[in-house]
Amino acid sequence: MRLLALTLLVSPALAAPALADVEVPRYLNETATAGVSSTYAGDWEFMTGGGVAAFDCSGDGKPELLLAGGTQKATLYRNDSPTGGALKFSALTAGVELDRVTGAYPLDIDSDGIMDLVLLRSGEDVVMRGAGQCQFRRANEAWGFDGRDLWSTAFAATWEKGQTWPTLAIGTYIDRKEEAFPWGSCTPDALYRPKGQGFAAPFDLKPSFCSLSMLFTDWNRSGTPSLRVSNDREYYKGGSEQMWQIAPDAPPALYTAAQGWKPLKIWGMGIASTDVNSDGFPDYFLTSMADSKLQVLAAGPDKATFKDIAFASHAIAQRPYTGGDFRPSTGWHAEFQDVNNDGVQDLIVAKGNVSAMPDFALKDPNNLLLGLADGTFEEAGDRAGVASFAQARGASVVDLNGDGQLDIVVVNRNTGAEVWRNEGASKGHWLQLALHQDGANRDGIGAWIEVRQGDLVQRREITSGGGHAGGQLGWWHFGLGANPAAEVRVIWPDGSASDWAKVAGNGFYDLTKGQAPKAR
Amino acid sequence: MNRRKFLTAGVALALLGGTARAAGDTREAVAAQVLATWLRLALELVRHTPTYTPPVASRTLAYIGVAAFEAMASGDTSLRSLRGQLNGLTALPDRAAGQGYDAAVILNAVMDLVIHDLFSNTGPTGQHAVQTLTARLAQQAADEVGADVVAASRSYGATLAAAILAWSRKDGGAVVENMGFPATYTLNPAPGHWVPTSKIVLQQAPLLPDWGKNRPFAMPAGDTCTLPAPTEYSEDPSSAFYAEAMEVYTTSQSLTDAQKQIARFWSDDAMLSYTPPGHWVAIMAQVSREKGLDLTAQVEALARMGVAMADAFIGCWQAKFQYDLIRPISYIKKVIDPKWEPLLNTPPFPEYPSGHSTQSAAAAAVLTALFGENYSFTDESPTPDGAPTRSFASFWAAADEAAMSRLYGGIHFMPAITNGQDQGRCIAAYAIALQTRA
């Protein structure tokens, strides 16, 4: 296997930030003034989904937002926020205004340097080609994409070795026609592999178990990502969490018990990934109802065995932390980011009752779990000001106003989306890095970015997928703590590594393959 | 309504068989389809409703069985109502003299309302399914029936369902909060008592510690069928308790493939299966199909089975929290092998006696009383992981295997199994003694 130069495998304790105490970021709720007014609406068919895509299509370096609307039309919001200032968005007519949209992911499918989109729907999925200036055109026919008429709920993308066109995975949910007995009716997930400059017919990933999140991830740093699938046990029979081996030129194959894979049955709803324990391998946070899971590699890279450390890490996010409602939580989108720039990954979880299930919390605040020096997490959602009780679904933790502080947008079911601006009070330094390479896969999906500060190395796998029904593509954020500078390098998807290069903190850098980092 | 003889032995019923209705179906077949479809939905809702752990499922299946029985008994002079026989069931409404009724419409109304109520906390998909069937079956049941008869039948069904539900709300098990796990609970710190066996937050307290205080259906009280105290706790390698733990441990180390299949076949995990009582109801429905039972026999069996299994869980839980015994995983990890893991996930409540053993024995006793000592069958109940079907020479053979599966699974010591079965037999006698025929 290709275990690349994992220079220093530090313990969580060694990965402590240079700042003395964990700092709680301060968020301002700017929903009323930001101009984002979408609601994820709909009945039974829209109890899941409600994703948001964050990506720059205007060319100003600040991400636009595309919000799924369910029975209402999806809406693309142009980012008009002044740098460091209040969040401002305006709705565009962009060609994405379809109804029945459950989720959205940005991806430069044709590698022309203009962002394209994948729209998941309860109905036909649609791939949209970016035409520039935030305009998008349906490309199903041009790219040979069979959008099928299913209830789509999960997405992931990768570029397989030697391919100039991406491979997409789309996860689906219940057979909508089985209204009286929907249980056990999970429709097939599908793999869309390249066929020339387009997609081959979808390959059914059977068995399929009502997936709500997917992620291509190189779990053992082999150089070939596998496809993790988080499934909703509410609807499958005989199912479990899954991981598919996606070897080039070979049919997908599920990891088996002989390879170390252990069945896990949860109400899988979202996947977030980062290297929590600094062992050089990605770890996975899985949202569910009641207890969430935080899985770390248990027996090294040769065995696909994971152990759950959520309880010990205080990352279980099991019930509302605000008091008053002790019923279990319902978690959806999850995302690791460093919201206080202290150099330790934090965890954001969007929460909300499925509908009005009385056995689960109805006032279920979103979590903002701050990563601590000892490898555990501390809840700070209420102190940070993001403890909304709306029925959250998708979310994005992203720098919306270009100040290096991560803001938050959350899509809610049957009520308006919410936007919070990070006030930027953090004393920590930060980096924003964007990957570029010529040819296919221009944004470097599958690469690893490494940021080194002395003996400490932060690593981020660049992925497309996961979360709940939405993702972001553009700048990749790193907190540096008290260090005003850091070294960076990229392990590109082809396995080549760039040289370490020193960059000053608090800046945006383009990392182009074969070139030195370039400040923007 | 005049008494109708529903479905003779030559007419196959479709209990748990689906919703399709062939043209020219008799009214009797319509009623049977209504029952089959609602029962199928109830078992799916057991699997998919958050609070439906095995004790809760047993309670609901009992009320469904009694409700179906009373819906039929109210117009069938060959049946004897259970009012006055079941604890707390003192009064039920009668049909109006001289009014025409239709059994299928009544049965549908009762099942609709009872299931809707008992599964009121199911999720949006379950709610959607109930609403879909409500509309579909109301039309199906009323097809070709006069409007006045439909109206009177629905009205009576609603009255009967309301009475059954009112009775159900006073049994102590109607409200299940926090998935059945108490918000606060003080563990007994003495060695040998139950301690949490997982890192799941809810399960840091045991499931339904007061369930044994619920009003039983047919047996007089939760502690009517007592069982011997478990073996005295000891960590001494020469002790009997240590030997029992070693039996679990050594069995787990040498499990055959057949034993693993047995453990998984009977695992019947909450939230992943019909649960043990649902599994046995599915067996009963299968036998009903195989034997071509008429509808009166079906509802009679459903009521007796439900009552026996619900009482079994009450009696079992009473003993579980009386003795509060440690689980094998906790003892073995502490005393024998800290790295030991059983084949099955250990349920989050005390060990003694084994719930599956108690309630499977109760179910087997009822089915044996109804269908005989040597009824051989192949259990085709759906299993979560698609385990192959298993064949049995008798209901007791199935119950014995279900009980032993808990040893193979590493979640029970043998006394919990053998004494649990004895308790189940004792409890079932009260359900078997119910007078259902006039």
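Reader: Let us take B:Asp268 to begin with: is it buried or exposed?

Author: B:Asp268 has 25 other C-beta atoms within 10 Å, and 20 or more are needed, so B:Asp268 is buried. Please keep in mind that this is a predicted model.

Reader: Where does B:Asp268 lie, and what is its phi?

Author: B:Asp268 is in the loop of chain B between α7 (257–265) and α8 (275–291). Its phi is near 50°, which is positive although the residue is not a glycine. Most residues other than glycine have a negative phi.

Reader: What about A:Gln133, buried or exposed?

Author: A:Gln133 counts as exposed, because it has 12 C-beta neighbours inside 10 Å and the limit for that class is 12 or fewer. A:Gln133 also has a positive phi, of about 55°, without being a glycine. Its place is the loop of chain A that runs between β8 (126–132) and β9 (135–138).

Reader: Which peptide bonds are cis?

Author: One is the bond from A:Lys206 to A:Pro207, where omega is near 0°. A:Pro207 sits in the loop between β13 (203–205) and β14 (211–217) of chain A. Another joins B:Tyr352 and B:Pro353, with omega about 0°. B:Pro353 is in the loop between α10 (328–336) and α11 (355–371) of chain B.

Reader: Changing topic, how is chain B divided into domains?

Author: The domain assignment gives domain 1 (3–168) and domain 2 (182–432). Taken over C-alpha atoms, the centres of these two domains of chain B are 29 Å apart. Their contact takes 41 residues from domain 1 and 38 residues from domain 2.

Reader: Which helix gives the largest share of the domain 1 side?

Author: That is α2(B), with 13 residues of the side of domain 1 that touches domain 2 of chain B. By class, this side of domain 1 has 28 nonpolar, nine polar and four charged residues.

Reader: Where does the largest nonpolar core lie?

Author: Both domain 1 (3–168) and domain 2 (182–432) of chain B give residues to the largest nonpolar core, so this core lies between them. The core has 279 residues, and those that touch the most other members are B:Ala68, B:Leu107, B:Val110, B:Val114, B:Ala308 and B:Met309. Helix α9 (residues 295–323) of chain B gives the most to this core, with 16 residues.

Reader: And what does B:Ala68 touch?

Author: Leaving out residues up to four places away in sequence, B:Ala68 touches B:Leu35, B:Leu107, B:Val110, B:Met111, B:Val299 and B:Leu302. Another core, of 10 residues, lies apart from the largest one, and A:Tyr173, A:Ile174, A:Cys186 and A:Cys210 are among its members.

Reader: How many residues of α1(B) are buried?

Author: 20 of its 22 residues are buried, so α1(B) is largely enclosed by the rest of the structure. From first C-alpha to last, α1(B) reaches 31 Å, close to the 32 Å expected at 1.5 Å a residue.

Reader: What do the buried residues of α5(B) pack against?

Author: They pack against α2, α3 (103–118) and α4 of chain B. The buried residues of α5(B) include B:Val150, B:Arg154, B:Tyr156, B:Leu160, B:Ile164 and B:Trp167.

Reader: How many residues are in contact between the two chains?

Author: 27 residues of chain B are in contact with 25 residues of chain A. On the side of chain B that touches chain A, α1 (27–48) and α4 (124–142) each supply at least two residues. The most comes from α4(B), with seven residues. That side of chain B divides into 12 nonpolar, 10 polar and five charged residues.

Reader: What is the make-up of chain A?

Author: Chain A has three helices and 38 strands. Its C-alpha trace spans about 60 × 55 × 50 Å along the principal axes. Of the 520 residues in chain A, 61% are buried.

Reader: Finally, what confidence does the predictor give?

Author: The complex has an ipTM of 0.86 and a pTM of 0.92. Chain B averages a pLDDT of 93, and 94% of its residues score at least 70. Over residues 1–14 of chain B, however, the pLDDT is below 50, and this stretch has 38 contacts in the model beyond near neighbours in sequence. Residues 17–24 of chain B are also below 50, with 10 such contacts.

Conventions. Residues are numbered from 1 along each chain as its sequence is written. Chains are lettered from A and ligands numbered from 1 in the order in which they are written. This is a predicted model: local features need pLDDT of at least 70, side-chain atom pairs count only at pLDDT 80 or more; totals for chains, interfaces and linings use all residues. Two residues are in contact if their C-beta atoms, placed from the backbone, lie within 7 Å. Helices (H or I, at least four residues) and strands (E, at least two) are DSSP runs, numbered from the N terminus. Ala, Val, Leu, Ile, Met, Phe, Trp, Tyr, Cys and Pro count as nonpolar, Asp, Glu, Lys and Arg as charged, and the others, Gly among them, as polar. Domain bounds come from an automatic or database domain assignment. pLDDT is the predictor's confidence in each residue, from 0 to 100. A nonpolar core is a set of buried Ala, Val, Leu, Ile, Met, Phe, Trp, Tyr and Cys residues joined through C-beta atoms within 7 Å. The expected span of a helix is 1.5 Å times one less than its number of residues.
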